[in-house]
Amino acid sequence: MFGIGGGELVFILFIVLMLFGSDKVPEIARTMGKAMAQLKNATNDIKSEIHKGAEANGFDSQTLTNITGNINAQINEAKTNLLGDTTSVSTNLLGDTAAEIDKVKEDIETISGPVKRQK
C-alpha cells in the first residue's frame, strides 16, 4: 500500500493519535470516508456522461477501440519505416569496428614487431 510497510503505518497512526487525540480520530476517518465516497460518485457521474455523449454522437466502445487500434498500428508502422531494421545495422557496425581494430593491431605489429608478453 503506497510503499509503506507495517512499521511505518503504525508510526503514522501513533503520530495522528498524538496530534488529534482519541476522540477526534473517528470523526476524521468518517469525514475522509465521506469525501472518498463523494469523489467516487463524481467520477462515476463524469464517466457516465462521457459515455452518453459518445453514444449520442455515434461512438460506441467498439468503434473507439477500432480507432485507437488503427492509430497504434499506424504509429508502429511509422516507427518501423523510420528506424528500419536496427539489428542488422548494429551487427554491421560491430563487425566493421572489429575489423578496423584487427587492422590497426596488424599495422602496429608490423611497425614495432610482434609483442612478446612477459610471464
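Student: How many residues does helix α1 have, and what span does it reach from its first C-alpha to its last?

Tutor: Helices here are DSSP runs (H or I, at least four residues), and strands are E runs of at least two, numbered from the N terminus. The expected span is 1.5 Å times one less than the number of residues. In this structure, α1 (residues 6–20) has 15 residues and reaches 21 Å, close to the 21 Å expected. A word on the source: this is a predicted model, where local features need pLDDT of at least 70, side-chain atom pairs count only at pLDDT 80 or more, and totals for chains, interfaces and linings use all residues. Residues are numbered from 1 along each chain as its sequence is written, and side-chain values use heavy atoms, with hydrogens and water left out.

Student: And which residue follows α1?

Tutor: That's G21, with a positive phi near 85°. Helix α2 (residues 25–56) has 32 residues and reaches 46 Å, close to the 46 Å expected. Just after α2 comes G58, with a positive phi of about 90°.

Student: How many helices and strands are in the chain?

Tutor: There are 4 helices and 0 strands, in the pattern α-α-α-α along the sequence.

Student: Which residues make the nonpolar surface patch?

Tutor: Patches take residues with over 30% relative accessible area and no salt bridge; nonpolar side chains (Val, Leu, Ile, Met, Phe, Trp, Tyr) are joined within 5 Å, like charges within 9 Å. A salt bridge is a side-chain nitrogen of Lys or Arg within 4 Å of a carboxyl oxygen of Asp or Glu. Areas come from the Shrake-Rupley method with a 1.4 Å probe, and for residues only the protein chains shown count as cover. Here the patch is about 1,200 Å², and its members include I4, F11, F14, I28 and M32. α1 gives the most, with 9 residues.

Student: Is F11 buried or exposed?

Tutor: Buried means under 20% relative accessible area, exposed over 50%, partly exposed in between. F11, in helix α1, is exposed at 55%. Across the chain, buried residues make up 2% of the 119 residues.

Student: Where is D102?

Tutor: D102 is in helix α4 (residues 86–112) and is partly exposed, at 43%. Asp and Glu count as negative, Lys and Arg as positive; His and the chain ends aren't counted. A charge is placed at NZ of Lys, CZ of Arg, CG of Asp or CD of Glu. D102, E106, D107 and E109 gather in a negative surface patch.

Note on methods: Buried < 20%, exposed > 50% of the residue type's maximum accessible area, 1.4 Å probe, protein only.
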